[in-house]
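Colleague: Could you take me through this model? I'd like to start with the core and then look at a helix.

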Amino acid sequence: PRAGAGLRNRAPPPGGEWRALSRGDCFFRLDGAANAGRLVVLVHGFIGCHTDFDALTEWLVQTGARRVLRFDNYGRGWSSLPRNETEVLPELYAGQLAELLFALGETEPIDLVGYSMGGAVAAAFCDVYGRDRVASLAYLAPAGLPAMAQTVRPWQQRLISLVSALPFGTRICLMGARALLSRPTEPEGIFWATDNEKVHTHYLDRYRHRLLNEPSLPYAFLETLKSFPFSGLFDAFAGVAKSEVPTFALWAQYDELIPRDCVAELRAAYAERPHLLQDHIVRDRSHMFVVEDATPVGEHLAKFWSNRDTVRPIVG
């Protein structure tokens with residue numbers, strides 16, 4: 001499953017393309033007019049893929065008149081697992097994005113948006129490249145801050161690493177990963193905040209399609225769970241603040257994956273530069289708010305981008 005060639009024959013969504021990068025094949029999609037201004041880049045979360053942003057992309061292109069790049073992180077969607085055994089760290093996916101932008105000839109600063117684990121990846125990218133490559137940064141319920149140890153516990157991650165190192169341990173862990181991933185209504189169910197059956201059905205139909213066509217997903221799930229620092233990236237967020245990149249954070253009121261304490265922790269990362277950070281908590285929504293209700297997300301982003309050069313205090 002570590003090879004990516006077979007993914008090309010596994011019903012990829014229409015409109016996407018592949019680029020061969022140094023660590024594997026990357027599936028991506030560009031939407032919007034070529035002259036639509038600064039490129040928006042969307043980075044998805046832990047077990048997501050680029051289709052999680054279908055509704056948000058549609059809003060950004062049609063209403064916001066923006067050009068949007070989405071891509072599948074290595075091992076998700078229709079991108080291959082990374083070549084060679086490696087720890088799954090934010091720098092892996094940040095490097096994937098940097099290579100993809102270079103391959104596409106995109107050299108101007110981007111408006112970068114990271115959702116959930118993608119927020120940690122976006123922070124890692126911005127921490128390295130700063131304002132040379134990032135005009136603005138938006139976090140949508142980002143992972144990576146210390147309080148997330150309440151929901152993704154480091155001792156559990158270490159235990160999974162120990163078990164997978166035992167004889168037949170990886171096989172046992174993969175069986176568990178496949179069982180968990182095969183029941184999307186259970187891990188995702190607590191993250192829905194509305195009863196929008198149409199949206200939920202659409203998401204779950206796509207998810208089941210992915211399970212049938214993504215042989216690498218259980219491997220990516222396991223390797224990420226073993227080594228990704230879900231609660232250990234405060235320094236990267238603080239580094240982004242020092243880079244002087246205007247930043248916006250959008251949180252969900254009833255998010256059961258990203259604890260509310262993360263809001264205060266991100267503000268603390270910007271304590272010396274509070275004028276660079278704006279934030280907002282979306283009421284009556286949970287972790288899947290980007291999928292459930294993309295319109296207000298797009299509206300918040302558009303407002304932020306229109307005001308990004310204005311010095312503003314933090315909004316609670």
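Predicted model: local features only at pLDDT ≥ 70, side-chain atom pairs only at ≥ 80, totals over all residues.

Colleague: Which residues have the most contacts inside the largest nonpolar core?

Modeller: Those are V41 and L112, in a core of 92 residues; such a core is a set of buried Ala, Val, Leu, Ile, Met, Phe, Trp, Tyr and Cys residues joined through side-chain atoms within 4.5 Å. Helix α3 (residues 117-129) gives the most to this core, with 8 residues, helices being DSSP runs of H or I with at least four residues, numbered from the N terminus.

Colleague: And what does V41 touch, not counting residues up to four places away in sequence?

Modeller: With contact meaning heavy atoms within 4.5 Å, V41 touches L69, F71, L97, L101, I110, D111, L112 and V113 on that count.

Colleague: Switching to α5, which of its residues are buried?

Modeller: G169, C173, L174, A177 and L181 are buried, that is, under 20% relative accessible area with a 1.4 Å probe and protein chains only, whereas exposed is over 50% and partly exposed lies in between. Seen down the axis of α5, the buried residues fall within an arc of 125° (taken from the directions from the helix axis to the C-beta atoms), so they line one face of the helix. On the other side of α5, R171, I172 and M175 are exposed.

Colleague: What do the buried ones pack against?

Modeller: The buried residues of α5 pack against α4 (154-165), α7 (197-213) and α8 (217-227).

Definitions and conventions
Residues numbered from 1 in each chain as written. Heavy atoms only, no water. Helix = DSSP H or I, 4+ residues; strand = E, 2+ residues; numbered from the N terminus.
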